[in-house]
Amino acid sequence: MRKRESGGSPGAKSAKVLEVDEARERAIDLLSECFARDMLSVEDFERRVAVAHAAGSMAELGEAIEGLGSDGLTAPEKGGLPEQAPRGAPAAAFSEVRPTDRAVAVFGETARAGQWVPARRNTVVAVMGSATIDLREARLGPGPTNITAVTVMGSIEILVPPGLHVQCGGSAVFGTFERRDSSPAPVASHESMVRVDGFSVFGAVEIETRHVGESRKEAKRRRRLERKRRKRLRG
């Protein structure tokens with residue numbers, strides 16, 4: 001039988017309960033992400049989720065995500081829980097990052113993909129053409145990587161890996177400028193992140209989170225399954 005704690009004000013106890021509840025939500029999100037990436041079996045996923053639901057303290061919540069660091073995720077720190085799964089690609093050194101880069105597609109196509117190092121400031125232009133900026137295996141430099149996306153009767157697709165914080169601005173005139181999926185919490189100033197702005201005129205700029213090798217159709221299916229899974233776990 002769990003020993004009942006004595007002492008302490010009701011306000012302090014309520015704060016502790018709220019802290020555990022918020023940590024439980026983050027733990028379930030992390031477990032769902034691991035399961036979606038085939039890093040947990042069905043049995044292990046269900047067992048860990050059951051532990052998370054039954055946990056009454058941060059220490060017990062830690063048992064739900066114990067050992068995930070060996071599978072490529074952030075290992076739980078003492079007294080806390082990881083916020084998200086980190087990106088797999090190693091960061092680029094500051095000396096490797098060029099100041100500027102440009103990708104232009106006029107009545108054609110252009111792409112940046114694979115293991116490449118984006119510049120500090122990147123300009124992407126598509127005029128009656130298409131451009132793809134794939135950051136899933138890219139080695140980003142420290143701090144923000146800025147992308148200005150401009151399209152006129154064209155399309156620009158920016159693919160980012162899970163765990164990368166993205167700030168999206170931009171505007172559209174008879175077109176779209178959208179960020180699909182929620183973005184992880186802001187990071188420290190020295191950590192890698194992406195800022196996207198620009199405009200779309202009779203065209204489309206889309207920023208989407210996908211795993212390496214994942215198609216648009218597969219990503220859409222994964223997001224649908226994750227929403228159903230989270231709804232079922234919290235229902």
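**Briefing on the model**

Phenylalanine 202 lies in the loop between β10 (193-201) and β11 (204-209); strands such as these are DSSP runs (E, at least two residues) numbered from the N terminus. The model is predicted, so local features need pLDDT of at least 70 and side-chain atom pairs count only at pLDDT 80 or more, while totals for chains, interfaces and linings use all residues. Residues are numbered from 1 along each chain as its sequence is written, and side-chain values use heavy atoms, with hydrogens and water left out.

**Surface**

- Phenylalanine 202 is exposed, with a relative accessible area of 51%; exposed means over 50%, buried under 20%, and partly exposed in between, with a 1.4 Å probe and protein chains only.
- A nonpolar patch on the surface includes Phe202, along with Val104, Val106, Phe107, Met128, Val152, Met153, Val173, Phe174 and Phe199.
- Together, the residues of this patch have about 1000 Å² of accessible area, computed by the Shrake-Rupley method with a 1.4 Å probe.
- Patch residues have over 30% relative accessible area and no salt bridge, and nonpolar side chains (Val, Leu, Ile, Met, Phe, Trp, Tyr) are joined within 5 Å, like charges within 9 Å.
- A salt bridge is a side-chain nitrogen of Lys or Arg within 4 Å of a carboxyl oxygen of Asp or Glu.

**Strand pairing**

- Strands β3 (residues 121-127) and β5 (residues 144-152) run parallel and are joined by 7 bridges; two strands pair if DSSP finds at least two bridges between them.
- Valine 124 has alanine 149 in β5 as its bridge partner.
- β5 also pairs with β10 in the parallel sense, over 9 bridges, and threonine 145 stands opposite valine 194 in β10.
- In strand β6 (residues 155-160), 5 of the 6 residues are buried.
- β6 is joined in parallel to strand β4 (residues 130-134) by 5 bridges, and isoleucine 133 stands opposite isoleucine 158 in β6.
- β6 is also joined in parallel to β11, by 6 bridges, where glutamate 157 has glutamate 206 as its partner.

**Cavity**

- The count comes to 1 cavity of 30 Å³ or more; a cavity is a set of points on a 1 Å grid over the protein atoms alone where a 1.4 Å probe fits but cannot get out.
- The largest cavity has a volume of about 60 Å³, taken as the space filled by probe spheres set on the points.
- Its lining residues, which have an atom within 4 Å of a point, include Trp116, Val124, Ile133 and Ile147.
- β1 (100-106) and β3 each supply at least two residues of this lining.

Technical notes:
Helix = DSSP H or I, 4+ residues; strand = E, 2+ residues; numbered from the N terminus. 1 Å grid on protein atoms, 1.4 Å probe; cavity = no way out; pocket = protein on both sides within 12 Å on 5 of 7 lines; lining within 4 Å.
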